[in-house]
Amino acid sequence: MSRELFKFKGGVHPPEHKAESTSRPIHAAPLPKKLVIPLRQHIGNPAKPVVEIGERVLKGQMIAAADGYISTAVHASSSGTVTAIDLQPVPHISGLPDLCITIETDGRDEWVAHAPLDYQAMEPSQLRMQLRDLGLAGLGGAVFPSAVKLDPGASHACTTLIINGGECEPWITCDDMLMRHHADEILQGVGIMRHLLGSTEILVGIEDNKPEALDSMRSAAAKLDFAVEVVKVPARYPGGGAKQMIETLTGRQVPSGKLSTDIGIQVFNVGTSYALARAIHHGEPLITRLVTVTGHVLRPQNFEVLIGTPMHTLITLAGDRDGTTGVLMGGPMMGVPMPNLDVPVVKATNCILVKSAELFPPLPKALPCIRCTRCADACPVELQPQELFRFAKAGDFGRAQEYHLFDCIECGCCSYVCPSHIPLVDFYRYAKSEIWAREKDKRAADLARERHEFRQFRQEREKKEKAEKLAAKAQAARAQAALDQAQRAELAAAPAAEGAAVSDTDAKKALIAAALARAQAKKSDAAPKNVDQLTSEQLHQIEEIEARRTKIRELARKPLESEEKKP
Amino acid sequence: MLAAIGVMVLLAVAIGLVLGWSAIRFKVEGNPLAEKIDAILPQTQCGQCGFPGCRPYAEAIAKGEADINQCPPGGEEGVKKLAELLGVEPKPLDEAHGTPKPKSVAFIDEQTCIGCTLCIQACPVDAISGAAKQMHTIIAAECTGCELCLPPCPVDCISMVPIAEDLPHWKWKHPVVMMKKIAETEGA
C-alpha cells in the first residue's frame with residue numbers, strides 16, 4: 001500500500017447489511033409483459049419521443065432522442081409494440097406521474113442492428129454525440145449525462161480520473177457484485193474514458209469491506225497496458241460520495257460551488273464505466289442495470305434488470321414477505337420512499353429496499369433541537385446542520401444560503417446521529433426546492449417586466465410613427481394643391497407672374513374649390529330619381545328648400561371671400 | 001477676526017464646490033427606492049392595485065401615495081418584504097384590491113375565438129399571439145395570469161387555468177415533525 005490516504009471530516013458507521021445480498025449470484029430478471037420507460041430519467045431536459053403509438057420497436061432501438069446538450073436518449077429495453085405515450089407513475093417521492101413510453105413486449109427480445117464503435121478512430125465530439133445517443137448517464141445516483149462529463153472542456157485539464165467503487169450506503173451491493181464479476185469490462189470502460197479525457201493518473205477507490213471486489217479489480221488492472229491504481233479505502237459513510245472519494249484519495253477538497261473538474265479531477269461510478277464499455281465494444285445502449293433487491297424479502301440478491309421493469313415483479317422474484325411496511329429506492333440513508341410498486345426501474349435505481357417493522361423500526365417522535373451539535377461533528381461537508389435546520393424551519397432561506405445550504409449532499413449523517421430524531425435532511429430538501437422555486441419566480445417576473453416595458457416602448461413608438469405619417473400626408477396634400485393651383489393659374493392665363501409665391505390661403509381656396517367642383521359633378525351624375533311625378537305642392541317645397549340651400553351656400557362663401565380680400 | 005471670517009468663507013466655498021461637483025458627478029438617475037420596490041413586486045402588471053402596472057405602483061409607494069398592501073398577487077409575503085424594505089409594520093392585504101388566487105395562466109378556447117384582437121391589445125406583456133380574423137393563442141410561458149384579457153373578450157372564450165403541479169414544478173413540503181409529548185397535560 002504505497003498511496004497515502006486522507007480522511008474527510010465527519011461521517012458515520014451504520015450497520016452494513018451487505019452480506020445478505022452478496023451470497024447469491026447475479027440473476028437476469030425475466031422479461032416483463034409490459035415495460036414503462038420514463039423519458040426523464042437523467043438530469044437535464046427530458047428526452048423527446050421519436051416513436052408513435054402502435055409502432056413496433058426492437059430491443060435497443062432509440063425511442064426518445066436527447067433534447068439539448070444536457071440530455072440523453074432513451075431506448076426500448078426489449079422488442080414489442082408501443083402501446084402508449086402518456087403520463088404514468090414514476091419512481092419519485094411525490095407520486096406525480098410523468099411522460100413515459102409503454103411497450104407491450106413480444107417475448108422475442110429481438111435486437112436492433114448494432115455494432116461496436118471504433119472509438120479510437122472517431123473524433124472526440126462525434127464519439128460523445130454517439131454516447132449521448134446511446135443513452136449513457138451516470139449510474140452512481142445523480143444520473144448526469146455521461147457525454148457531458150466526458151468532455152474535458154477547453155482547459156484539457158482532467159489529469160486525474162477516479163473510478164468510484166465506493167458503495168457506502170448500507171444494504172446496497174450492486175456495484176460490489178459488478179466489480180466481482182465484470183472487472184475486465186469496467187476497466188475497458190476506463191480505457192475509453194482515459195482516451196476522451198486525456199487523464200494521466202487513474203485511481204479506483206474501493207472500500208475495505210469489499211475484499212472480493214478489490215481482488216478481482218486488482219487482477220484485472222494488472223492485465224492492462226496502462227496504469228490503473230486500485231486503492232483500498234477505509235469504509236465509512238459517506239465515503240462513496242464523489243467529493244468524499246476525491247478527498248480520501250487525493251487530499252484535495254472541491255471548493256464550494258465548484259465542480260471537481262475545476263481542480264482537474266473527474267469521477268465516474270463503476271456501473272457507468274461498465275455501461276460505457278458495453279456501449280462502445282458491443283454497441284449496446286443503456287437498457288439494463290444491476291439492481292439490489294434486499295431487506296424484508298426471502299432471497300435478497302442482485303438482478304440484471306431491463307429499464308422499465310415494474311418494481312413489484314422484482315420484489316416477487318426475490319420472494320415477498322408479509323409485514324412489509326414500505327419500499328425505498330436506494331439505501332436507508334438517502335433512499336426515497338416509493339408511492340407505489342407499479343413504478344418502473346429507471347437508470348437511477350440501484351437498490352430496492354423492502355422495509356419491515358423489525359428491520360426499520362419507526363423513528364421515535366422528534367424532540368426539540370437541543371443544539372448539541374452532534375450533527376456538525378458528523379457532517380462530511382463541514383456545515384452547521386443545526387443552524388441550517390433553524391433557518392430552514394423558520395423560512396429564512398437567505399441565511400440558509402449564507403451557511404452554504406447548497407453544499408449539503410443530503411447524505412443523512414446529521415439525521416442519523418441526531419439524538420432528538422429530527423428529520424434534518426427533509427428540512428434541507430424543503431429549503432433547497434423553495435429557493436429554486438423562488439429563483440424561477442424571480443426569472444419569470446424579470447421576463448414579465450422586460451416584456452411590459454418593451455410593450456410600452458412599442459406603443460409610444462407606434463404613436464409617434466402614426467403622427468409623423470399623418471403630418472407627412474398633410475404636407476404632401478398641401479404641396480399637391482399648390483401645384484394644382486399654379487397649373488390652373490397658368491391655364492387661365494392669369495396675369496400673375498411666373499414663379500410668384502403661392503400663398504397658403506390660395507392653396508386652401510383651391511382645395512375647397514376642387515372639392516366643390518367634385519361635389520357638383522357628383523350631384524349632376526346622381527340625379528334624384530323620385531322627382532318625376534310630383535305634385536305642385538311638393539315642387540314648391542323643393543324650390544323653397546333649394547332657395548334656403550343657396551342662401552346657406554352664399555353665407556358659407558362669404559368668409560372665404562373676405563379672406564381673399566385681406567392680403 | 002478678518003482672517004477667521006476669511007477662513008470660514010473659503011472653507012464654505014471649497015465645501016460648496018465639492019458638494020456641487022459631486023451632485024453632478026454622482027447623480028442617481030430615476031428613483032432608487034422605486035427600483036427596489038419594483039424588484040419585490042410580482043410584475044403581474046394586473047393593475048389590481050389601482051395603478052397601470054407594477055412600476056407606477058412602486059413609484060406611488062416610494063412617494064408615499066399608496067399603501068403597501070394593495071398587491072394581491074404578491075400576497076402576504078410580498079407585503080412582508082415591502083414592509084421590511086420600507087421599515088414599516090406589515091399589515092394584512094387590503095381586500096378592496098382583491099384576494100390572492102392560485103397561480104394560473106389564461107387559456108383561449110380556439111373554437112370560440114373570433115379573432116377580434118381585443119385581448120391582444122389588452123395583454124400587458126404581449127403574451128397573446130394572433131392577428132385580425134385569425135385564431136389567437138396564449139404564450140403560456142409568458143402569461144402572468146393578470147386576467148386583463150378576460151373583460152374585453154366579446155365571446156368569453158378566455159378562461160383562467162390554474163397551473164397544475166407536475167414533476168419539474170414539484171416542491172418539497174415543509175416537513176411535519178411529530179413532536180413527542182414530554183409532559184402529560186393534566187385534567188381531562
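**Sheets and rings in chains A and B**

Me: Which residue of β10(A) stands opposite L161(A)?
Reply: I202(A) is the one facing L161(A) there. Bear in mind that this is a predicted model.

Me: OK. How many bridges join β9(A) to β10(A)?
Reply: There are 6 bridges between β9(A) and β10(A), and the two strands run parallel.

Me: And what about β9(A) and β12(A), how many bridges there?
Reply: β9(A) is joined to β12(A) by 5 bridges, again with the strands running parallel. As an example from that pairing, I162(A) has V267(A) of β12(A) opposite.

Me: What's the strand order in that open sheet of 4 strands?
Reply: The order is β11-β10-β9-β12 in chain A, and the pairing is parallel. β11 (229-233) and β12 (265-269) of chain A are the edge strands with a single partner each, so each has one side without a neighbour in the sheet. From one strand to the next, the twist averages 25 degrees.

Me: Which residues are on which side of β9(A)?
Reply: T160(A), I162(A) and N164(A) are on one side, with L161(A), I163(A) and G165(A) on the other. Both faces of β9(A) are covered.

Me: How do β10 and β11(A) pair?
Reply: β10 of chain A, residues 201-207, pairs with β11(A) in the parallel sense over 5 bridges. Within that pairing, G205(A) has V231(A) of β11(A) as its bridge partner. Helix α6 of chain A, residues 211-222, packs on the sheet and touches both β10 and β11 of chain A. The direction of α6 makes about 165 degrees with that of β11(A).

Me: Next one: what's the strand order in the open sheet of 6 strands?
Reply: In chain A the order is β1-β14-β13-β17-β15-β16, and the pairing is mixed. The edges are β1 (27-28) and β16 (336-337) of chain A, each with a single partner strand, so one side of each lacks a neighbour in the sheet.

Me: How many bridges join β13 to β17 of chain A?
Reply: 4 bridges join β13 (residues 288-295) to β17 (residues 351-356) of chain A, and these strands run parallel. T294(A) faces L353(A) of β17(A).

Me: Which strands does helix α9 of chain A touch?
Reply: Helix α9 (residues 311-318) of chain A packs on the sheet and touches β13, β14, β15 (324-329) and β17 of chain A. The direction of α9 makes about 145 degrees with that of β14(A). Helix α4 (residues 174-181) of chain A lies across β13 and β14 (301-306) of chain A, at about 125 degrees to β13(A).

Me: New topic. Why is the pair W21(B) and F26(B) edge-to-face?
Reply: Their planes are at 85 degrees, with ring centres 5.9 Å apart, so the pair counts as edge-to-face.

Me: Is W21(B) buried or exposed?
Reply: W21(B) has 52% relative accessibility, so it counts as exposed. F26(B), at 54%, counts as exposed too.

Me: What lies over the face of F268(A)?
Reply: K149(A) does, at 4.5 Å from the ring centre. Over the ring of F8(A) you'll find the charged end of R236(A), 4.1 Å from its centre.

Technical notes. Residues are numbered from 1 along each chain as its sequence is written. Chains are lettered from A and ligands numbered from 1 in the order in which they are written. This is a predicted model: local features need pLDDT of at least 70, side-chain atom pairs count only at pLDDT 80 or more; totals for chains, interfaces and linings use all residues. Side-chain values use heavy atoms; hydrogens and water are left out. Two strands pair if DSSP finds at least two bridges between them. Axes are lines fitted to C-alpha atoms, for helices over the stretch in contact, and angles run from 0 to 180 degrees between N-to-C directions. Contact means heavy atoms within 4.5 Å. Rings of Phe, Tyr and Trp (its six-membered ring) pair if their centres lie within 6.5 Å; planes under 30 degrees apart count as stacked, over 60 as edge-to-face and the rest as tilted. Buried means under 20% relative accessible area, exposed over 50%, partly exposed in between (1.4 Å probe, protein chains only). A charge sits over a ring if NZ of Lys or CZ of Arg is within 6 Å of the ring centre and within 35 degrees of the ring normal.
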